[in-house]
Amino acid sequence: MKRLREFLWPLIGLAAVAISGYLLYHRLQGVSVADLKASFAAIPVHRFLLASASTLVAYAALAWYDRIALLHLGVRHISWLFISVCSFTTYALSHNIGASVFSGALVRYRAYSAKGLSAAQVAVLVALCSFTFGLGTLLLGGFTLAYDPALLARLEGQLPHALTNPTIARTLGLALLAVVALYAAGSILHLRPVAIRQFKLEYPRPAIMARQLLAAPLELVGAAGIIYFALPEAGNPSFVTVLAVFLASFSAALVSHAPGGLGVFEIIFITAMPDIEEADVLAALLVFRLFYLLIPFAIAIVVVLLYERSRLLGKWRAERRMSPETVPETPARRPE
């Protein structure tokens with residue numbers, strides 16, 4: 001079963017890319033390369049700068065994820081710089097490769113084991129970071145639906161009719177906020193862990209929980225801000241609308257296991273933005289992929305290569321110092 005799962009998830013991801021790519025191709029048949037270039041060129045420089053700042057906010061919040069998890073583990077000796085570089089590299093690789101939990105665990109183990117963390121501690125760190133992201137999605141998803149329950153109507157025909165009903169959408173939003181409130185209450189009241197089959201949720205200390213409720217929305221707001229600032233100002237919907245569509249698209253992309261959410265993210269986002277020219281939406285999504293995925297991915301590869309090179313050099317020097325050829329011979333003592 002384990003071997004089957006190792007092949008199953010990549011196959012699901014490739015199938016998601018193929019299906020969404022097919023749908024996206026038919027959806028964008030009326031968009032020419034010239035239209036896309038014109039939309040990209042029409043983005044003002046100051047909007048590019050704001051999108052860049054949003055990227056920095058998002059990745060800074062992701063580094064905070066790791067810091068929060070380390071505080072939960074009682075680990076305080078690792079510097080902010082090391083945490084930031086490790087977190088940046090982890091998410092830059094996992095966002096592009098897909099299956100972020102597994103790829104994130106591998107990169108983090110290589111980095112944090114060098115700082116003395118055990119495999120069990122790294123596993124808890126990865127789980128808490130993933131849970132923090134999920135918590136932020138629930139919090140902002142609940143807020144957007146409660147604030148504007150008509151948002152799901154943008155996916156009319158793509159979702160069950162019941163979900164696009166404003167009353168049901170608002171009820172769903174309030175239910176999501178209630179889940180977050182129960183989690184916060186469990187932390188404050190020091191409730192016993194919740195066990196669901198093999199899953200066990202232990203409530204963190206209130207200080208850790210409060211940091212989670214700040215870091216997770218900050219990261220998602222920063223990521224959604226990249227697209228918001230890249231969209232044209234004329235006809236640009238509210239930031240709450242862009243945020244809600246981003247949450248739906250990004251969550252679906254993660255669930256699909258498609259590498260980088262390729263195709264899945266785009267088809268949902270473009271479908272949910274019928275009031276903006278498709279070329280303009282696609283140009284904004286390309287800016288998002290460039291700033292949030294591709295540039296960090298290129299930097300992360302360089303960081304990994306330099307890190308592994310330094311570890312290999314350190315290991316080689318240590319082995320050289322310990323080899324018999326480099327150890328000076330002790331002169332034999334003369335018999336008295």
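The chain holds 11 helices and 2 strands. These elements are DSSP runs, numbered from the N terminus, with helices (H or I) of at least four residues and strands (E) of at least two. Along the sequence they follow the pattern α-α-α-α-α-α-α-β-β-α-α-α-α. The model is predicted: local features need pLDDT of at least 70, side-chain atom pairs count only at pLDDT 80 or more, and totals for chains, interfaces and linings use all residues. Residues are numbered from 1 along each chain as its sequence is written, and side-chain values use heavy atoms, with hydrogens and water left out.

Of the 336 residues in the chain, 40% are buried. Buried means under 20% relative accessible area, exposed means over 50%, and partly exposed lies in between (1.4 Å probe, protein chains only). The accessible surface of the chain comes to about 18700 Å². Carbon and sulfur atoms account for 68% of that surface. Areas come from the Shrake-Rupley method with a 1.4 Å probe; for residues, only the protein chains shown count as cover. Contact means heavy atoms within 4.5 Å. Among contacts with a separation of 6 or more, 71% join residues 24 or more positions apart.

The search of the whole structure finds 2 salt bridges. Each is a side-chain nitrogen of Lys or Arg within 4 Å of a carboxyl oxygen of Asp or Glu. Side chains of opposite charge can pair when their charged atoms come close. Arg 108 and Asp 66 meet through their side chains at 2.9 Å, N to O. This pair links distant parts of the chain, with Arg 108 in helix α5 (residues 100–112) and Asp 66 in helix α3 (residues 45–73), 42 residues apart. Arg 108 has a relative accessible area of 3%, so it counts as buried. Asp 66 is also buried, at 0%. The side chains of Glu 266 and Arg 289 form a salt bridge at 2.4 Å, N to O. Here too the pair links distant parts of the chain: Glu 266 sits in helix α10 (residues 264–271) and Arg 289 in helix α11, 23 residues apart. Glu 266 is buried at 6% relative accessibility. Arg 289 is buried at 13%.

Aromatic pairs were examined across the whole structure, and 20 were found. Rings of Phe, Tyr and Trp (its six-membered ring) pair if their centres lie within 6.5 Å; planes under 30 degrees apart count as stacked, over 60 as edge-to-face and the rest as tilted. The ring centres of Phe 133 and Phe 250 are 6.1 Å apart and the planes stand at 65 degrees, so this pair is edge-to-face. Phe 133 belongs to helix α6 (residues 119–147) and Phe 250 to helix α9 (residues 239–256), and the pair links distant parts of the chain, 117 residues apart. Phe 133 is buried at 19% relative accessibility. Phe 250 is buried at 10%. Both rings belong to one aromatic cluster, which also includes Tyr 59, Phe 88, Phe 246, Phe 265, Phe 269, Phe 288 and Tyr 292.

Charges over rings were also found. The criterion is NZ of Lys or CZ of Arg within 6 Å of the ring centre and within 35 degrees of the ring normal. Arg 47 lies over the face of Tyr 228, at 5.9 Å from the ring centre. Lys 115 lies over the face of Phe 82, at 4.7 Å from the ring centre.

A nonpolar patch on the surface is formed by Phe 40, Leu 286, Leu 290, Leu 294, Ile 295 and Ile 299. Together these residues have about 470 Å² of accessible area. Patches are made of residues with over 30% relative accessible area and no salt bridge; like charges are joined within 9 Å, nonpolar side chains (Val, Leu, Ile, Met, Phe, Trp, Tyr) within 5 Å. Helix α11 (residues 278–322) gives the most to the patch, with 5 residues. Ile 295 lies in this helix. Its relative accessible area is 39%, so Ile 295 is partly exposed.

Single residues complete the account. Thr 89 lies in helix α4 (residues 80–97) and is buried at 4%. Beyond its neighbours within four places in sequence, Thr 89 is in contact with Val 107, Ala 300, Val 303 and Val 304. His 190 is found in the loop between α7 (166–188) and β1 (194–196). His 190 is not a glycine, yet has a positive phi of about 55 degrees. His 190 is exposed at 64%.
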